[in-house]
Amino acid sequence: MTLEAPLVKAHWTPVPCDVCSSARQEALGERRYTVSGRTQRFDMRFQDAVCLDCGFVFAARRPDDAFLMAYYRDAHIGHRGGELHFDAEARSAVVRRHVRSGGRVVEVGANDGAFTAILKDQGFEAFGFDPVEADEARDVAKGFAGSGAGAPQADADGVVAYYVLEHVIDPRAWLAELASYLKPGGVLIVEVPNYATHPEDSLNMEHLLHFTPDSLARMLASCGFEMIETPGATVAYGQAAVARKTGEVPPPSPRPDAVQSARMAYRQAAAARQARLDAAVSAASAAKALSQGPETPIYVWGANEYAERAAPLLSKVFKSVTVLDKSPSKVGKAFDGLAEPIAHPDDTQGVDGAIFLVCSPNWNRQIAEEILQRSRPALAVIDAVTGAVLSPSSP
Ligand SMILES: [Zn+2]
C-alpha cells in the first residue's frame, strides 16, 4: 500500500482572448490530467475555447501563479544532459543572422542551459533563466521571466525563448517583460508549437495557448513587435518567429474566418488522441492473447497516459504488472492503480519470457530494439500507441 502524494488544486480565473481581447468565446472541450510530481500530484483542468472574433484557441481559465510555479518545480520533466532534442545548428544560425557578433542574448526558459552554452561558445554574451533546472546548469539563473534574476534592463540585443510562450499564464505581460530587456530595435526570437499543422502536439497537458502562424504574428504585433522573419522551426511540430521591438501597436484585425478551421483542428486532435488511447486497450488485449497465462511478467515501458490506460486492464489479468521509466524523477514513485512502484528498465535484467508494452509515441521502435538486444528473451513486444505487435513480428 503506497501513500498517495497530496493533490494540489489551482484557483482558475476566466480570461478573454489573449490575442484580440474579445470576450466572445466558444467552449471546445476539456482536458483533465492528474500529474504526479516528485512530492505532489497536480490537478490539471484545461477548458479549451476558441475566440469567436479571431479564431485563437486558448485555455479559457488560467491557474494561479503559485500553482504553476509548484507544478514546474515539482512535476515538469526538463531536458537535461545527453542528446539535444532540437536542431542546434539551425537554432544558432537564426540568432547569428539577427544579433550582432558578441551581442547580449538572454534565453528565457533556458532549461539545463544547453543552448545558452552554445551561444556563449559562439561568442555571444549569453545567459538564461529557468524556474527548474538552474541547480545543475551554468549561466542559468533560477526564475521565471519577471523574477529579476540578473536580467539586463533594456540592454539586450536579442531575447530568445523556445517552447515557453505556450505555457505562460499572462502572455501579454510576459511579452512586455521580454520587450523591456531589449534595446530599441532589439530582436525577439520565439518558437512555439504550430496548432495549424500539429494540433495534437499543441494540445498537450502543459500548454495554455495554441498558436497558428497567423495568431502568433498578430499576438507579437499587438505587443509592439514587428515580424521580420519566419525561419524553419528547430523541432518537428513547431514554428519560429523573429520580430523586432518597435513599440508600435497596429489596430487589431478580426479574423472570423479562422474560427471554423480552429474548431476542426480541435476535433481532429481529439479524435486522434482517442484513437491512440483505444490502441492502448488493443495492446492490452494482444498481451492477453500472446501470454502464457496470468504468471507471465508484464512490463509497461513509459509512465504516461498510454500506460495509465493499459496497465490497470493488465493488472486484472496478470499477477505482476510493472511500469518502467528511465526518468529519475519517476522511478520509485507510485503509479495510479498498481501495487508496484515505477521501476527502471535495468531492474528487469534476468527476467525471461516477459511481455513488454512500449508507450512512447516517438521512440517505440528504438525501445523495442533495446528490449530485444538485452540478454533475456522477451515473449512479446507490443506498441501501446498503435496497438501493433512489434515482436514476434507477424508472418
Ligand atoms: Zn481573439
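**Entry 1. Disulfides and cysteines**

I looked for disulfides and recorded 0 in the structure; the term stands for a pair of cysteine sulfur atoms within 2.5 Å. In general, a disulfide is a covalent bond between the sulfur atoms of two cysteines.

I note here that the model is predicted, that local features need pLDDT of at least 70 and side-chain atom pairs pLDDT 80 or more, and that totals for chains, interfaces and linings use all residues. Residues are numbered from 1 along each chain as its sequence is written, and side-chain values use heavy atoms, with hydrogens and water left out.

**Entry 2. The zinc site**

Which residues coordinate the zinc ion? I found Cys17, Cys20, Cys51 and Cys54, each through its SG atom, at 2.3 Å. Donors are N, O and S atoms within 2.8 Å of the metal, or 3.2 Å for Na, K and Ca; water is not among the atoms, so sites may look incomplete.

I recorded the geometry next: the 4 donor atoms make angles of 102 to 115°, and the site is tetrahedral. For comparison, the ideal angle for four tetrahedral donors is 109.5 degrees.

Along the chain, the donors of the zinc ion follow the spacing C-x2-C-x30-C-x2-C. Helices (H or I, at least four residues) and strands (E, at least two) are DSSP runs, numbered from the N terminus.

**Entry 3. The cavity**

I searched for cavities and found 1 of 30 Å³ or more. On a 1 Å grid over the protein atoms alone, a cavity is a set of points where a 1.4 Å probe fits but cannot get out, and lining residues have an atom within 4 Å of a point. The largest cavity has a volume of about 30 Å³, a volume being the space filled by probe spheres set on the points, which are joined across faces, edges and corners.

What lines the largest cavity? I listed Arg91, Val94, Tyr162, Ile189, Glu191, Pro231, Thr234 and Ala240. Helix H2 (88-98) and strand S11 (182-193) are the elements that give two or more residues to this lining. By class, the lining holds 5 nonpolar, 1 polar and 2 charged residues. Ala, Val, Leu, Ile, Met, Phe, Trp, Tyr, Cys and Pro count as nonpolar, Asp, Glu, Lys and Arg as charged, and the others, Gly among them, as polar.

**Entry 4. Backbone details**

I found a cis peptide bond between Ser391 and Pro392, with omega about 0°. Pro392 is in the segment after strand S19 (389-391).

I also noted positive phi values in residues other than glycine. Ser21 has phi near 70°; this residue is in the loop between S2 and S3 and, at 48% relative accessibility, is partly exposed. Asn111 has phi near 60°. The place of Asn111 is the loop between strand S7 (104-108) and helix H3 (114-121), and at 19% relative accessibility Asn111 counts as buried.

**Entry 5. Separations**

I looked up Gly29, which is in strand S3 and is partly exposed at 28% relative accessibility. Gly29 and Phe211 are 182 residues apart in sequence and 17 Å apart in space, C-alpha to C-alpha.

Tyr266 lies in helix H7 (residues 258-290) and is buried, with a relative accessible area of 8%. From Tyr266 to Thr116 I recorded 150 residues in sequence and 35 Å in space, C-alpha to C-alpha.

Definitions and conventions. Four donors count as tetrahedral if all angles lie between 85 and 135 degrees; four count as square planar and six as octahedral if opposite donors are over 155 degrees apart and all others between 65 and 115; anything else is irregular. On a 1 Å grid over the protein atoms alone, a cavity is a set of points where a 1.4 Å probe fits but cannot get out, and a pocket is an open set with protein on both sides within 12 Å along at least five of seven lines; lining residues have an atom within 4 Å of a point. Buried means under 20% relative accessible area, exposed over 50%, partly exposed in between (1.4 Å probe, protein chains only).
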